[in-house]
Amino acid sequence: MPAPYPAGVRLLPNAVTVIALSAGLSSVYFALGERFDMAVLAVGVAALCDALDGRLARLLDASTRIGAELDSLADLVSFGVSPALVLYVWQLQAWQIGSEGRFGWVVALTFTVCMALRLARFNTLLDEEDEYPFAKEFFVGVPAPAAALVAGIPLFASLHLGEGWWSAPVVVGVWMLVAAALMVSRLPTLSFKTVRVAPRLIAPLLVLVGLLAAVLVTAPFLTLAVVGLLYLGALPYTVYRYRWLSRHPEAWDVPGRERRAVVRAARSARRLGLRPPLRRRVAGRASEVAGRARGAVAGAVRRLGDDGPPPRRAPGPGPAAPPPDRNRLGLRRARRR
């Protein structure tokens, strides 16, 4: 059966991944020349290519094992090695202990190792069965591009506002350690791959995208810093949403845009003092008992069909009929007359 696309077209997702790898590594080249604005731009190009290669692979039906491995390696270089080296060249090498700047290098290594661990865990979780049906809507820990965005907030602020307390080597190092800890944490973070937009919201969303593009062109570094802070601010809501879904099995199979009705119903039940929905264990136990009951009924019906219908009873004197009501008989005769 011929392939639906030519070989060159099916190779396009891997080519985009290689471009992302090259762009991420080029940021180190720009940082060595103290062109940190171009370094940020190179990492941004890598993030854009990383968002496109997976979708192109699914669209062209060109998903391969080598493509998945290449994507992980490109993410490690573009969002782990490159941001660590850029921030080290920018400020971390000035974080000295005595006469040597070793502590900044330790921070850069820690960030890179945490990125590698995060990607390895992500690849491992792909082969495991999800504990909850809604688990695909969340990541475990902060994903690689978002971690690079969060770690670069001090650099973005410095490029827009100039030097300040946010550009101190100690602040930059501690902030990188926070971003590294978020990567390897078990915090659920929102996956935008599963977000579905209602048709009535497409036009307002396109307007917001246009405004965001205009602001990004006008003040790119300030926009990146604000987006990173908004992402961090949304983490508590994401954790709350994950925990709420884990406690409400009735919302597991409901589409995301229709869960508001389930949330309102749960709030109304809480105000009225009604019992909360069954937890997963109780619901699973109840379904198990119900399954056993259905199996027993099906077995009885099957045996009944094999043995034939039960023998009929011989006709005999049944129960005596009640005597007729004379008052009703008199009324019927009167009506006939």
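I began with Cys 114, which is buried at 13% relative accessibility; buried means under 20% relative accessible area, exposed over 50%, partly exposed in between (1.4 Å probe, protein chains only). Cys 49 is buried too, with a relative accessible area of 10%. I then looked for disulfides, meaning pairs of cysteine sulfur atoms within 2.5 Å. The count is zero.

A note on the source: this is a predicted model, where local features need pLDDT of at least 70, side-chain atom pairs count only at pLDDT 80 or more, and totals for chains, interfaces and linings use all residues. Residues are numbered from 1 along each chain as its sequence is written, and side-chain values use heavy atoms, without hydrogens and water.

Next I checked α6 (residues 144–151) against α8 (residues 169–184). Their axes lie 9 Å apart, at an angle of about 165°. So α6 is roughly antiparallel to α8 (the term applies to angles over 145 degrees). On α6, I found Ala 147, Val 150 and Ala 151 in the contact; α8 brings Trp 175, Ala 179 and Met 183. Contact means heavy atoms within 4.5 Å. By class, I noted six nonpolar, no polar and no charged residues.

From α3, the contact includes Phe 36, Val 43 and Asp 50; from α4, Asp 71, Phe 79 and Trp 90 are among them. The residues of this contact divide into nine nonpolar, one polar and four charged.

Technical notes: Helix = DSSP H or I, 4+ residues; strand = E, 2+ residues; numbered from the N terminus. Nonpolar A, V, L, I, M, F, W, Y, C, P; charged D, E, K, R; others polar. Axes fitted to C-alpha atoms, helices over the stretch in contact; angles between N-to-C directions. Parallel < 35°, antiparallel > 145°, perpendicular 65-115°, else oblique.
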